[in-house]
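Have a look at the sequence and the 3D view first.

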Amino acid sequence: MLSTFLVLAALVSGFLNGIGGSGGPVLLTALLFSGLSPVAAISTNKLTALIGSMGAIRNFSKERKVDLVRSSPYFLATAFGAVLGASFALSVSERVLGQFFSALVFLLVIVLSLDGMLRNVRASPQATSSPGVISTISLMSGAYNGLFGPGTLILTILPLRIFAGLAMVDGIALATVLNSVSNLVACLVFGTALYSAFTLDPVILAAIVAANFIGQNVGSRVAIRAGESGLKLIVFGSLLVLLGHLIWKYWISPG
């Protein structure tokens with residue numbers, strides 16, 4: 001019964017990630033509920049998302065929504081950011097980080113709502129897709145994922161849309177690859193913590209990874225065909241869900 005629950009959570013998590021939502025907290029919560037330690041749950045979640053994203057990346061690349069060769073400088077930028085973030089995370093309380101970033105996400109929602117950008121998720125008039133702007137966003141995305149993690153995908157898609165002016169599906173595609181790169185780097189930096197992912201039954205772990213792969217594969221196909229308006233709705237909803245998750249976990253829930 002528990003294994004079925006975890007597989008379904010992995011499938012939903014993968015689908016949400018594939019369409020540009022925030023699926024990570026879904027699987028992480030399920031893993032913690034199953035009795036895994038926080039370290040093991042986080043490691044399993046990152047490993048699963050990393051492998052699961054391969055299907056989504058293949059789809060986005062095949063449909064030419066992301067050019068893996070031309071985007072390689074952005075991958076280096078996000079990898080560097082992930083190293084910095086993960087190194088700093090080793091000495092900072094997760095709860096302090098959670099409260100800090102939940103406050104920032106709350107301010108982001110307020111600012112974008114007042115400006116009308118959140119409803120429309122439109123590009124700023126000053127938006128430019130210059131390599132410098134995208135590299136900066138990539139660096140900050142990697143640093144956030146290495147330092148904290150929850151909602152990295154959605155918090156990368158938004159600036160790629162607003163400040164770099166990328167189309168929603170292109171932003172989702174690039175953010176998916178950046179998220180995978182920073183997940184890989186974070187796993188390598190944490191090193192020994194990654195082994196804790198394998199404390200889960202190997203059969204269940206394989207099933208979770210496979211379910212997440214299928215979910216991201218299907219989700220990315222939906223994203224490619226959903227159109228701007230549908231993707232904007234998903235991004236809007238995901239940002240609000242992420243904010244609710246952070247407030248509950250780091251401000252309301254005890255300890």
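## Layout, core and surface

Going along the sequence, the protein reads α-α-α-α-α-α-α-α-α-α. That comes to 10 helices and 0 strands, where helices (H or I, at least four residues) and strands (E, at least two) are DSSP runs numbered from the N terminus. This is a predicted model, so local features need pLDDT of at least 70 and side-chain atom pairs pLDDT 80 or more, while totals for chains, interfaces and linings use all residues. Residues are numbered from 1 along each chain as its sequence is written, and side-chain values use heavy atoms, leaving out hydrogens and water.

Of the 255 residues, 50% are buried (under 20% relative accessible area; exposed is over 50%, partly exposed in between, with a 1.4 Å probe and protein chains only). Helix H8 is mostly covered, with 10 of its 11 residues buried, including Ile157 and Leu160.

Those two turn up again in the largest nonpolar core, among the residues with the most contacts inside it. Such a core is a set of buried Ala, Val, Leu, Ile, Met, Phe, Trp, Tyr and Cys residues joined through side-chain atoms within 4.5 Å.

| Helix | Residues |
|---|---|
| H4 | 72-89 |
| H5 | 94-115 |
| H7 | 131-147 |
| H9 | 168-190 |

H9 gives the most, with 10 residues.

What about Arg225: buried or exposed? Arg225, in helix H10, is exposed, with a relative accessible area of 60%.
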